[in-house]
Amino acid sequence: MQDVREWAKGLTRLLRRHRDPVVVQTLRSAAAATIAYVVALRLSPEPAPLTAPLTALLVVQVTLYATLTNGFRRVNAVVAGVLVAIAFSQLVGLTWWSLALLIVASLAVGHLVRVDEYIPEVAISAMLVLGVTTISSTAWARIVETLIGAVVGMACNLLLPPPVWVDEAGESIEGLARRLRQLMLRMGEEASGLTPWQRAAERLHEARRLDHAIVEVDAALRQAEDSLRLNPRVKEGLLHRVVLRTGLDTLEICTVVLRVLARTFTDLAKAREPEALFASDAGAAVEQLLSQIADAVVSFAVLVTTSISESAESAEARLSAELHTATGTRDKLAELLRDEVRGDDRNWQLLGAVLTEVNRLLDEMATEHRTRRLLEELDRVSGEQRARRPRLTWLRERIGVPERLQRNRAGGAGRSQSGTENRAQKGARR
C-alpha cells in the first residue's frame with residue numbers, strides 16, 4: 001500500500017512538471033533525434049548516420065520560432081562546411097597547412113552565409129568530411145543526413161507544438177513585483193522608527209541586487225516572446241508581447257526609482273543620526289505610503305499578466321483605487337514634510353527627493369501613462385515591421401487583407417489612430 005502511494009505521488013509530481021521547460025525540451029529532443037536516426041537508416045548510405053540525430057537534436061528548440069530560425073541556419077552551416085571540404089579535397093587533400101587554410105576558409109564562409117552562432121559548425125563539418133577517405137560519397141551522405149535531421153526537428157515542433165511560455169513569464173513578472181513589495185514594506189517600517197544608517201545601507205544593497213532578478217525575468221520574457229512568434233494558437237501575438245514587455249519596463253523603472261529612494265534614506269539616516277529619519281507623524285505617513293505603493297506594484301503586475309477580460313477589469317479597478325489612495329497619502333506627507341522643513345531646513349533637499357521619487361513611482365503605474373506607453377511601443381514595432389517588409393505591406397494593401405488580420409500579423413499596419421488607442425487600452429487592461 002505504501003509503495004502504491006509513493007508511486008501515485010511520483011506520478012502526480014511528473015504530471016505537474018509536464019510543462020516544465022527542462023522536461024519538455026528533454027522529451028521533444030529525444031523523440032526528434034530517435035525519429036531522425038530511424039529515417040536516416042533507410043535513406044542514407046552510411047551504416048551509422050549519426051549526423052541526422054545530431055542535427056535534429058540541435059535544431060529542436062523550446063519554441064517554434066527558434067526551431068525554424070536555428071534549423072535553417074544550422075542546415076546552411078553544415079552544407080557550407082561540406083562544400084568547402086569537397087573543394088579542398090579536390091585541390092590539396094589533408095595536410096597540416098591545408099587544415100589551417102580549411103578552418104580559416106570555413107569560418108570566413110560562415111560569416112558570408114550569415115549563420116550567426118553556427119559559424120564554428122561550418123569548420124567542424126568541413127574537418128569531419130575532409131578527414132574521411134571516400135570524400136565524395138560521404139560528403140553527400142552527410143548533406144542528406146543533415147537535411148533529414150533538420151526536417152524531422154521542424155516536423156516535431158509542427159506536430160507536437162511547443163507550449164506558449166506566457167504564464168511562466170507572467171509568474172516571473174509577478175515574482176519581481178512581490179520582491180519589490182517586500183523591500184518597500186521593510187523600508188517603510190524602518191522609516192517610521194530610529195534606523196541606523198548601516199541598516200538603511202543594507203536596504204540599498206538589496207535594491208541593487210534586484211538588477212539580477214530583472215535579468216532573469218527578461219530571459220523568461222524573451223522565451224515567451226519567441227513562443228508567441230509564428231504560433232497559430234495565438235491570435236494577438238504582437239499585443240501580448242508588447243503588453244508584457246512594457247510591463248517589465250515599468251517594473252524595471254520602479255526598481256531604479258526604489259534604489260534611488262533607498263539611497264536617499266541612507267543619506268538621510270547619515271545626516272540625521274542619531275535622530276529618526278522623519279518626525280513621528282511624517283514617518284508614519286511614509287510607512288503608510290510605501291505600503292500602499294507596494295500593494296499597487298503587485299496589482300500592476302497582476303494587471304499586465306492577466307488575459308481574461310473580467311479579471312483584467314477587476315485588476316484595473318483595484319490598481320486605480322490603490323493609486324488613488326496612495327496619492328491622497330502622498331499629499332498628506334507633502335504637507336507634513338513642508339511643516340518639518342519650515343521648522344528645520346537642514347535636510348530639505350533629501351526630504352524633497354523623497355517626495356520626487358514616490359511621485360515617479362505613482363506616475364509610472366498610472367493607467368494614462370501605461371496607455372501612452374503602449375501606443376508608442378505598438379507604433380514603433382509596427383513601423384519596424386513595415387520597414388523590414390515593405391513588399392509584404394504593399395501586397396496586403398493591394399489584395400485588401402482585412403484590418404483585423406493586418407493588426408494581428410503585421411502589428412497594426414495601416415490601422416487608424418482610434419483603432420490603435422482601442423487596442424492599447426485593451427492591452428492596458430490585460
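Okay, let's start with how rings get paired here: rings of Phe, Tyr and Trp (its six-membered ring) pair if their centres lie within 6.5 Å, and planes under 30 degrees apart count as stacked, over 60 as edge-to-face and the rest as tilted. By that rule we get one aromatic pair.

Before I show you that pair, some housekeeping. This is a predicted model, so local features need pLDDT of at least 70 and side-chain atom pairs count only at pLDDT 80 or more, while totals for chains, interfaces and linings use all residues. Residues are numbered from 1 along each chain as its sequence is written, and side-chain values use heavy atoms, with hydrogens and water left out.

A pair of aromatic rings is described by the distance of the centres and the angle of the planes. Ours is F265 with F278, edge-to-face, at 5.8 Å centre to centre with 75° between the planes. F265 lies in helix α10 and F278 in the loop between α10 and α11 (280–304), so the pair ties together parts that are 13 residues apart in sequence. When I say helix, I mean a DSSP run (H or I, at least four residues; strands are E, at least two), numbered from the N terminus. Buried means under 20% relative accessible area, exposed is over 50%, and partly exposed is in between, with a 1.4 Å probe and protein chains only.

On to the charges. A salt bridge here is a side-chain nitrogen of Lys or Arg within 4 Å of a carboxyl oxygen of Asp or Glu. How many salt bridges does that rule give? The count comes to 11.

Take D211 and R259, whose side chains meet in a salt bridge at 3.0 Å, N to O. D211 sits in helix α9 (residues 197–228) and R259 in helix α10 (residues 237–272), so this one ties together parts 48 residues apart in sequence. D211 is partly exposed, at 33% relative accessible area.

Then there's R245 with D218, where the closest N and O atoms are 2.6 Å apart. R245 is in α10 and D218 in α9, so here the parts tied together are 27 residues apart in sequence. R245 counts as buried, at 15% relative accessibility.

Next, E340 and R272 meet in a salt bridge at 2.7 Å, N to O. That pair links distant parts of the chain: E340 is in helix α12 (residues 309–343), R272 is in α10, and they are 68 residues apart. Both E340 and R272 are buried. There's also a network: R186, E190, R203 and E206 are joined by salt bridges that share partners.

Which residues of α5 are buried? They are S98, L102, S106 and G110. They cover an arc of only 110° around the axis, which puts them on the same side of α5; the arc is that of the directions from the helix axis to the C-beta atoms. As a reminder, an α-helix has 3.6 residues a turn, so residues three or four places apart point the same way. The face turned away from the buried side of α5 carries the exposed residues W96, V104, H111 and L112.

W96 comes up again in a nonpolar surface patch of about 620 Å², made with L91, V92, W97 and L101. Patches are made of residues with over 30% relative accessible area and no salt bridge, joining like charges within 9 Å and nonpolar side chains (Val, Leu, Ile, Met, Phe, Trp, Tyr) within 5 Å. The areas come from the Shrake-Rupley method with a 1.4 Å probe, and for residues only the protein chains shown count as cover. V92 is in the loop between α4 (64–91) and α5, and is partly exposed at 38%.

Last stop: α5 is followed by R114. Most residues other than glycine have a negative phi, and most peptide bonds are trans. R114 has a positive phi, near 60°. R114 sits in the loop between α5 and α6 (119–130), and is exposed, with a relative accessible area of 68%.
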